[in-house]
Structure formats: structure tokens, C-alpha cells
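Here is a short note on charged pairs for your first look at this model. Please keep the 3D view open as you read.

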Amino acid sequence: MKHFFPTFLRLVMLYALCVVLFVVAKPLFVLAQPAAVRDGVGAVDVMLAMWHGLPLDLATAAYVCAPVWLLSAVALWKRWTRWTLLFKVWAAVIGMVVALTFVGDACLYSFWGMKLDATVWTYLGQPKGALSSVSTSFALYAALAVILVAVSFYYLTTAAALPRKEATPRIVKNEKHWAARVAYTIVWGVCGGLLFLAMRGGVGKSTANVGMVYFSDIPFLNHTAVNPLFSLVSSSAKTRNFKKEGRYFSDAERQRIFSTLHYNKESILPDSLHLLRTERPNVLIVLMEGCGGTFVHAVDKQSDPNVTPNLNQLAADGIVFTQAYANSFRTDRGTVCTLSGCPAFPDVSVMKIPSLCEHLPSIASSLKREGYTTSFLYGGDINFTNTHGYLQSTGYERIDGEEAFPPSVRHTHNWGVTDRITFDTLYQRIIRQPEGKPWHMGFLTLASHEPWGVPYNRIKGDPVANSMAYLDDCIGRFIGRLRQSQAWDNTLIILLPDHGISYPEGISETDERRNHIPIIWTGGAVKRHYEVNVVCNQTDLAATLLGQLGIAHRDFRLSRDVLSTTYTHPSAVHAWPEGISWKDSSGFSVLNLLSQPIAPIAEHPRHSAQRIQAAKAYLQTAYDYLGRMQQ
């Protein structure tokens, strides 16, 4: 006990010290930004940033202290005379890393306007060019600040963690102490487990990520909350130069091919295709988890009409896009495709890269500029795959996940709150919206997701179809209630999935039904029934919706208004880790991007060099799109 307890206490003190230092760094960061002070960032704002940023500070402190925990465990069991020396080396190295990161973040923010991340590595090879943007005095002050922070960190951590007398913490190896040694091992293991939980960001489905600390519609306050060391390390693990990827053609040839695809940037609509009663309806977008076209008879005549009768009826009464295709295969990607008109990639989840999310256009931000209030509701972990950070960055003012629901219902599904409960919450929020100001809400369902456990049993022997039937039942009940409310008359409801799934069993990416999806517009704001029978993507929702509302959509570079007369080359693209598919009026082609050379693995009705070129030119253009956002 004489060796163990002091060692345990010093580890706790070291961890607490690191957390305190990271928290205190936030107001110092704000003070280093004169523009922030000038723009009215006050003490309350800074305190909120400190509070909301605490989860990342806890995680970063755990990563920093993990080596000390490991060395302490070894030192407790062995006579290790180099313990003190090793700790001092750790304190010196980590002190310099922390100093360079936090001072660099504070200094560079006024130039970059974004949190320190892996972008910094691209400048290290050209230090002369980077330093040419700052004065000699600025560089000198920054260097002095680095030294001051590094030295301070070293002395504070050594004072907290090292014993006052030179000694090696250890447990005496003696048979009669075996029980104590077992107890110490258990306690130390528990300490390691707690550090791991802090690194992970808790016990939820999501792991620690930059977006989980976003709390404001003011980017600077979100950036203040982010721990720069965490941001730098996490983004470095994902860093790539997208402008160098997908180089299938020269820039000129890529541009020539892509121009033939006619990605229109404006809406020219004949009177017959103004399908809404008003240009400023309330807009509800419901992302139906996994509910692809193979479950909805209205768009896939091979499907069972008994699975989703409510969706079929809504399609018959409203606006239905019969030839729409999902861009991607996962929720994090499909959500960005839908709400931001952003392309999907075989091996990139844009949602997980906060520095890119901040540059994305979105339906929410476009509507917000037109006076709409914006919110998003999900019954699961809103921090999963940086969902919260993406939504915060793209214009959603209120964002709620499972924490907004009573604890008693948070585990009514494996992924969180089951759909019947979340749809009821959605309804209650809609009818309480104040009159006179239009609103936009996003809503993501979750029950129609494996393991397919739902409180419903209409489709016997098929849990997948039954979960979709449950979702359909929830939608039918929700629409029925909303139809009786005053909110119905001026509300546009857009129903579409985040992605399709492999159903029926055995269907694969080489079958175009795999990614065929329903897009249905309903609500009192819809003027009449209309079928849109042209091939299109879920990314086209943004431009098509904004076109109906008379709002410009030029910043949605790869989203098209499929109702416009400028939509002259109907096509759809889908990407997944192994490849990309392309569909247009000539047929359907699937390319394996992992083969060398890249080769088609399926083509219907026959081979088409034009489709293959189109798919490759599109993907190269999409990577260029990300590359421009990196700059």
C-alpha cells in the first residue's frame, strides 16, 4: 500500500491536471483572437465552449496519460530504477507537442479560420512560404509562447506525478503479499478501463469525435470547444490529398467528358411543373432507414405491395420519383448526399471530416437564409459518425438525439428510441411550431435496421420486411394525425431512404434494384399528383426542392433540378468500397475500382464505353470537389 496508493494518487492528479490545462486553454485561445473579442464573444460564450468541449478534453487527457499508466503498472511490479527518467522524457516530449499544437492553433486560426488539423502537414515541407505570411516579431512571440507552455507543462506534470524523494514505486515481491498484489492489479486494471472509456468518449455507440462538442451556430464557438491536439491527431489519421485521387483523365479530358453530362446549375420550370401551392411551405425531410425500392411497390413492381401500403398510397396521391437511386450504402454518407447534395465516394465518409463539413452547402442553410427555423431529430446517438458536427456545421439550429427522450424509452430499440415514439415526438414538435415563420425539420428513423427488432408482427417469417412494415405503419399513423392539424395545409413532407439494402437476400451491387429508392413528396403543400419518371439520384433532391421554392442552388455543384428543362442527361451514380455504378438511358454499368486495370463487372443491356467514361469522369470530378474544399 505504501507504494501503490501514492502512485495511484499521482496518476489521478496528472490526469486532472491535463484536463484543467486543456480547459483553461480555451479562454486563452479566445483572447488570442482579437476579431472574436471585437465581434462580441463574451464570458458566457466562452464558458459554454469550455463546458461543451469537456468530453474531448477528457479523451485527450486520457490519451496523454495512457503511457504513464502503462509505465506505472510496470514500475509497481518490478524494481525499475529508470522510472523517474522515463517520466521526465515523457513530460518533455508531450510538453513540446502540447505547446506546439495549442500555440500553433491559436496563432494560425486568425489566418485559416478553422481548427488546427492535418492541413498543417502540407505546409511543413515549405516553412519559408508559411513564414512569409507573418512578421518576424509574430514568429518570435509564437516561439517564446511555445517555450513557455512547454516548460510550464513539464514542471507542472513532474510536480504532480513524481514523488518528492527519488524512489521507484513498486510492490515488494513476496509470497505473503500475493493477495495485495492481486487487488492492486484489479484496481490498476479498472484505472486502465476508465482511461479507455475516456479515450472512447463514453459507452455509447459513437466514439469521441470533433463534432460531438459542436453546440452553436457560430463556427468560432464550436472551434473554441474543440481540443486542437485531438483535432490534429484524429484528422491526421484520415488525411488525404483528394485532388490526387481518381486521376483517370487529364484535367481537360475530364472536363470535356463531364460537360456532356450536363450538371445544370439553374432551374427553368414550365408552369405545369410548379408542383407546390406556395414557394415557402414548411419542409419536413424524413430519412427512412434502409427503406429501399424493393420494399415499395409504387416504384418497384416486383416488390410485395403488402409491405408498405401507406407509402404506396402516399405515392399515388402525391409526387413520386419512380427512377431515383441512392448514391451510397451507409447512413452517414446517404445523409450528406441527401441534405447537402454532396457526392458519395467509395472510400470516404465526408461526414466524418469536420473540416470538409464546414464547407458543404445544405438544404438547411439555404432555407435558413430565407427565414426558416431549422431543426433535426433522431432517436439514436446523434454523435455517431460525427452526425451532430455535420448537422451543426450545415445550418441546423436545434439538434436532438436520444438524450432528448426520457431514459425509460432510450433502449426501446438496439439503436435507441423506436420509431413509434420518435414519430410522436416529431408530431408534437410540429404542431407546437409558432405561426408566421416557416420551418424546416430533418428526421432520421432507425427501427428498420438490423437486428430488425420492432414491436410489430404483421409480416410473418420475414423480420426485414416486417421492420419496414413497422416503419410504414408509423408513417401512416403520423401522416393521419398531421393531416388533421392546421400545420398540414402549408407543409411539404419528403420521404426517402438514406440508402437501400441487399433485399431480397442475395441481391448485390451488380443489380440496379439494390440502390433503387423511393422519393415521395406529400403534404398539404403539394398541388397535385405527379410522377417523375426520369433517372436521378438522391443528391438531386437539394436542387430540385430549392428549384420548386425559387431559391438559387448554384453552390450545390453536383445536385441537379430534375424537373428543370435544363435536365437533359438523366443519370444516376452509386459508390461503395469496391466500385461505382452508372445508369442512364442507355443502360447500367458497374465498375470494379479495385482491379487493375479498372474493369466493368456488370453491364446491361450491353457494354458501353460512354457509361464507363462517364462514371470515371464523375468520380474524378467528385474528388476534385473535395480537393477544392481542402484548400
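The points below go through the salt bridges of this predicted model.

1. Start with the count. The structure holds 18 salt bridges. Side chains of opposite charge can pair when their charged atoms come close.

2. Look at R398 and D400. They form a salt bridge, and their closest N and O atoms are 2.7 Å apart. R398 is partly exposed, at 44% relative accessible area. D400 is at 11%. The cut-off for buried is under 20%, so D400 counts as buried.

3. Next, find E512 and K583. Their side chains meet in a salt bridge, 2.8 Å from N to O. E512 sits in the loop between β6 (491-497) and β7 (516-522), while K583 belongs to strand β11 (residues 579-584). The pair therefore ties together parts that lie 71 residues apart in sequence. E512 is partly exposed, with 25% relative accessibility. K583 is buried, with 12%.

4. Now turn to R560 and D540. A salt bridge joins their side chains, again with an N to O distance of 2.8 Å. R560 is in the loop between α20 (541-548) and β10 (571-576). D540 is in the loop between β9 (536-537) and α20. The two residues are 20 apart, and the pair links distant parts of the chain. Both R560 and D540 are buried.

5. Which residues are linked in a network of salt bridges? They are R247, D251, R254 and D624. Select these four together in the viewer to see the network.

Technical notes
Residues numbered from 1 in each chain as written. Predicted model: local features only at pLDDT ≥ 70, side-chain atom pairs only at ≥ 80, totals over all residues. Heavy atoms only, no water. Buried < 20%, exposed > 50% of the residue type's maximum accessible area, 1.4 Å probe, protein only. Helix = DSSP H or I, 4+ residues; strand = E, 2+ residues; numbered from the N terminus.
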